[in-house]
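Work through the exercises below with the sequence and the model side by side. Try each task before you read its solution.

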Amino acid sequence: MSKKMFPAVIISVLSLLVLVSCNKPKQEAPVIKLNMTETAVEAAGNSLSVAFEILNPVEGVALQVAAAQDCDWVSGLVVSEGNKGTVAFTVAKNKETQTRQSELTFSYEGAQPVVFVINQSAAEELPITINVKDVQATS
């Protein structure tokens with residue numbers, strides 16, 4: 001190797017080392033994983049929970065869960081701390097004779113939101129009973 005090429009080779013090698021050392025490995029994006037994506041609830045209502053896990057978590061970031069704004073029959077959301085746990089909630093009794101559906105949205109910084117669907121059965125229609133006690137005939 002000639003003396004004239006030696007500085008160019010050294011500069012090239014040092015430049016390559018600087019570039020490689022500045023590139024930190026990229027962390028994969030967080031992912032929200034649920035043990036199920038929907039549930040069916042009887043008309044009577046119930047207290048339920050869904051298990052979650054955050055893959056590739058980010059330090060200092062917490063899972064956020066929100067019920068649909070127009071839903072007043074899902075309440076008491078309690079989210080476990082940490083990257084693995086449960087979200088507990090209560091579904092109120094359905095007094096209507098129509099089924100209903102709502103959603104919980106799971107959010108985590110850097111992750112795609114995940115929607116959990118709650119389907120609730122309708123209340124049974126009550127039979128109408130007519131008791132005839134006194135019948136009078138008129139002419």
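The exercises move from the whole chain to single residues.

This is a predicted model, in which local features need pLDDT of at least 70 and side-chain atom pairs count only at pLDDT 80 or more, while totals for chains, interfaces and linings use all residues. Residues are numbered from 1 along each chain as its sequence is written, and side-chain values use heavy atoms, with hydrogens and water left out.

**Exercise 1. The chain as a whole**

Find which helices and strands the chain has, and state what percentage of its residues is buried.

Solution. Begin with the elements, where helices (H or I, at least four residues) and strands (E, at least two) are DSSP runs numbered from the N terminus. The chain has one helix and eight strands, and from the N terminus on their order is α-β-β-β-β-β-β-β-β. Next comes burial, for which buried means under 20% relative accessible area, exposed means over 50%, and partly exposed is in between (1.4 Å probe, protein chains only). Of the 139 residues in the chain, 23% are buried. Then take the accessible surface, computed by the Shrake-Rupley method with a 1.4 Å probe, where for residues only the protein chains shown count as cover. This surface comes to about 10,700 Å², and 54% of it belongs to carbon and sulfur atoms. Last, consider contacts, meaning heavy atoms within 4.5 Å: among those between residues at least 6 apart in sequence, 65% join residues at least 24 apart.

**Exercise 2. A pair of rings**

Decide whether the rings of Phe89 and Phe116 are stacked, tilted or edge-to-face.

Solution. Rings of Phe, Tyr and Trp (its six-membered ring) pair if their centres lie within 6.5 Å, and planes under 30 degrees apart count as stacked, over 60 as edge-to-face and the rest as tilted. By this rule the count comes to one aromatic pair. The ring centres of Phe89 and Phe116 are 6.1 Å apart and their planes stand at 70°, so the pair is edge-to-face. It links distant parts of the chain, since Phe89 is in strand β6 and Phe116 in strand β8, 27 residues apart. Phe89 is buried because its relative accessibility is 2%, and Phe116 is buried because its relative accessible area is 0%.

**Exercise 3. Neighbours of Phe116**

Determine where Thr39 and Ser102 lie, and which residues each one touches beyond four places in sequence.

Solution. Thr39 belongs to strand β2 (residues 38–41) and is buried, because its relative accessibility is 15%. Its contacts are Leu48, Phe116, Val117, Ile118 and Asn119. Ser102 sits in strand β7 and is buried too, because its relative accessibility is 6%. Ser102 touches Ala68, Cys71, Trp73, Phe116, Val117 and Ile118.

**Exercise 4. Loops and an exposed residue**

Solution. Glu96 lies in the loop between β6 and β7, and it is exposed because its relative accessible area is 53%. Beyond four places in sequence, Glu96 is in contact with Ala122 and Ala123. The C-alpha atoms of Glu96 and Ala43 are 8.7 Å apart, although 53 residues separate them along the chain. Turning to Asn56, this residue is found in the loop between β3 and β4 (64–67), and its phi is near 55°, a positive value in a residue other than glycine. For comparison, most residues other than glycine have a negative phi. Asn56 is partly exposed, because its relative accessibility is 28%.
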